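Colleague: Hi! Could you walk me through this one?
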Amino acid sequence: MSDAMTQSIWMATTPTTHFKALDKNIHVDVAIVGGGIAGLTAAVLLKKSGKTVAVLDKNHIAGGETGFTTAHITDVLDVRFQDLISKFGENQARLAAESIRFSRAQIEELITEFAIECDYQQLPAFLYCNIEHEDFEFLRKEAAAARSLGISAEIVSEAPLPFRTGAAIRFENQAQFHPRRYLLPLAKWINSNGSHIFEETSAEEFHDGTPCRVHTKNGIVTAHDVIVAAYSPVCNWAFLHTKLPAYRTYAIGAKLKSRAAVEGLFYDTVDPYHYIRSQPDGRNGQILIVGGEDHKTGTVENTDECFERLEEYTREHFDMESIVYRWSGQILEPLDGLAYIGKNSMSEHIYVATGFSGTGMTFGTLSGMILSDLIVRGQNRWAELYDATRFHPLASAGHFISENMSFPTHFVGDRFGKTAESLEEVHMGEGKWVKVEGKKVAVYRDMDGNLHGCEPECTHMGCLVKWNSAEKSWDCPCHGSRFDPDGKVVNGPAITDLKKVELRQPAQH
Ligand SMILES: Cc1cc2nc3c(=O)[nH]c(=O)nc-3n(C[C@H](O)[C@H](O)[C@H](O)COP(=O)(O)OP(=O)(O)OC[C@H]3O[C@@H](n4cnc5c(N)ncnc54)[C@H](O)[C@@H]3O)c2cc1C
Ligand code: FES
């Protein structure tokens with residue numbers, strides 16, 4: 001992340017990793033781009049099957065969205081079970097439920113096998129109505145749909161939270177963990193015996209073939225297969241991105257006055273919803289984690305207000321003492337509710353794993369399972385369901401049209417957006433479009449008064465990036481690319497940095 005103001009509990013409570021960068025050409029069986037939960041799970045499973053792997057991460061492993069998650073390991077997908085059944089049919093939806101159950105079991109298996117201490121805990125999850133908006137009929141149908149898919153779900157009169165709620169669905173055998181404490185020991189194990197982890201190594205070009213090649217600045221990785229688990233499928237310029245609207249979501253970690261923790265994973269049914277859990281603080285206490293306030297990336301001007309609203313919500317509902325952590329991250333929502341996992345379109349040996357919505361712990365793990373099976377055995381029982389090239393008109397058309405209408409709206413409409421006339425209008429800590437010598441420039445003034453200028457045209461498809469005040473980044477409203485104040489890519493699909501613009505202006509004090 002580009003900004004020191006936000007910090008997740010996971011990043012703050014684990015050491016920074018220091019794997020070396022790639023500095024020569026190498027050959028492995030499988031090159032994996034991205035060292036989040038998806039890439040690292042694939043790497044472990046492939047190595048266990050006898051393959052050599054190289055994981056390339058442009059920053060540090062487990063420091064992308066996986067380092068900024070809230071790590072509920074849950075059956076409660078962002079798509080409702082009733083919708084899943086109507087979109088995919090009961091048989092396929094049952095297969096989806098089964099795959100999620102197996103991915104949780106896979107996490108447990110790796111924790112046991114590698115004796116990982118990561119605060120893993122089994123607990124129930126609750127999907128609850130707020131007291132003022134109880135919709136019993138919805139809960140009844142949703143619980144019945146879940147049960148028809150083999151998920152243990154029963155209606156209870158309220159959720160066990162320290163404030164009154166309406167009725168809820170209780171899901172048994174869900175889980176939570178510390179995602180970095182889970183992944184860092186696995187990464188250490190991956191990096192030996194002919195397999196590697198390379199950090200600060202950005203994959204810049206992908207060539208499908210026999211063999212495939214992944215180009216980085218200081219070396220080429222030659223491999224039989226390539227997995228792109230870079231969160232955003234950076235090897236796929238257009239097709240997948242039309243199916244992957246990007247959202248921002250926010251979380252805070254709060255100390256409570258009482259030491260009591262919430263016992264479970266909680267989701268309300270408002271839109272956008274709140275998600276709640278607690279995490280041991282390592283000193284016999286608990287940190288309450290509350291998330292929510294989702295919005296489409298690049299569409300909210302003052303993103304600090306999202307944190308303020310979340311804090312207000314937490315103060316209203318819990319005996320909050322103080323905020324200890326706050327962080328935000330990106331969610332890629334698949335159009336039909338299930339992740340895209342499988343061969344990249346028109347590729348023989350390049351695979352993608354993306355579109356995990358708010359359940360990337362399970363979908364990320366599942367990606368590792370499906371892709372390692374496809375590479376090692378040529379098959380997996382869930383592969384067809386998650387096929388990354390799928391487009392089910394019945395399940396996706398409505399969303400596809402409404403989401404992709406926003407591309408021309410932003411591409412054309414934003415060019416007429418408000419632009420400051422002079423650099424003086426950009427105050428310390430602010431980012432704005434400014435007209436400089438007749439051209440629009442994305443300008444940020446840091447807290448020392450220095451100006452940072454970039455061309456505002458996103459290097460993916462040219463929409464104009466907008467300022468994100470909470471993360472101090474330039475975010476693209478079209479497909480969610482993000483750039484730091486100097487234009488360096490934070491999130492794809494963009495691979496290339498924004499062009500820098502030198503600004504001459506005395507610093508403001
Ligand atoms: C606030 C928040 C709360 C969430 N809560 C939950 C939850 O409770 N439960 C749940 O299941 N999911 C949750 N999610 C979603 C989940 O965190 C993500 O879906 C998941 O972490 C994504 O994992 P990943 O491996 O796909 O991506 P990442 O963890 O982002 O890993 C991708 C990696 O690829 C690297 N990379 C990118 N481009 C390149 C390139 N060109 N070359 C080399 N490397 C590259 C990045 O540096 C990054 O490290 C939440 C997300 C957020 C933001
Ligand atoms: S992310 Fe596609 S145009 Fe910016």
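Modeller: Happy to. A polar contact here is a pair of N or O atoms within 3.5 Å; within protein, one must be able to donate a hydrogen and the other to accept it, and residues adjacent in sequence count only if both atoms are side-chain atoms. This is a predicted model, where local features need pLDDT of at least 70 and side-chain atom pairs count only at pLDDT 80 or more, while totals for chains, interfaces and linings use all residues. Residues are numbered from 1 along each chain as its sequence is written, chains are lettered from A and ligands numbered from 1 in the order in which they are written, and side-chain values use heavy atoms, with hydrogens and water left out.

Colleague: Great. Which polar backbone atom is 2.9 Å from a nitrogen atom of ligand 1?

Modeller: One belonging to alanine 203. A nitrogen atom of ligand 1 also lies 2.9 Å from a backbone N or O atom of glycine 360. On the oxygen side, a polar backbone atom of glutamate 65 sits 2.8 Å from an oxygen atom of the ligand.

Colleague: And how much of ligand 1 does the protein bury?

Modeller: 96% of the 1,000 Å² that ligand 1 exposes when taken alone; these areas come from the Shrake-Rupley method with a 1.4 Å probe, and for residues only the protein chains shown count as cover.

Colleague: Which residues come nearest to ligand 1?

Modeller: Asp57, Thr66, Thr70, His72 and Met361, out of 37 around it. Near means that a heavy atom of the residue lies within 4 Å.

Colleague: How does that shell divide into nonpolar, polar and charged?

Modeller: There are 15 nonpolar, 19 polar and three charged residues. Ala, Val, Leu, Ile, Met, Phe, Trp, Tyr, Cys and Pro count as nonpolar, Asp, Glu, Lys and Arg as charged, and the others, Gly among them, as polar.

Colleague: New topic: is lysine 432 buried or partly exposed?

Modeller: Partly exposed, because its relative accessibility is 28%; buried means under 20%, exposed over 50%, and partly exposed in between (1.4 Å probe, protein chains only). The lysine 432 side chain reaches the backbone oxygen of glutamate 425 at 2.7 Å. Not counting residues up to four places away in sequence, lysine 432 touches several others, including Val441 and Trp474, where contact means heavy atoms within 4.5 Å.

Colleague: What about arginine 104, buried or exposed?

Modeller: Buried, because its relative accessibility is 7%. Its contacts, leaving aside neighbours within four places in sequence, include Ile73, Asp75 and Tyr120.
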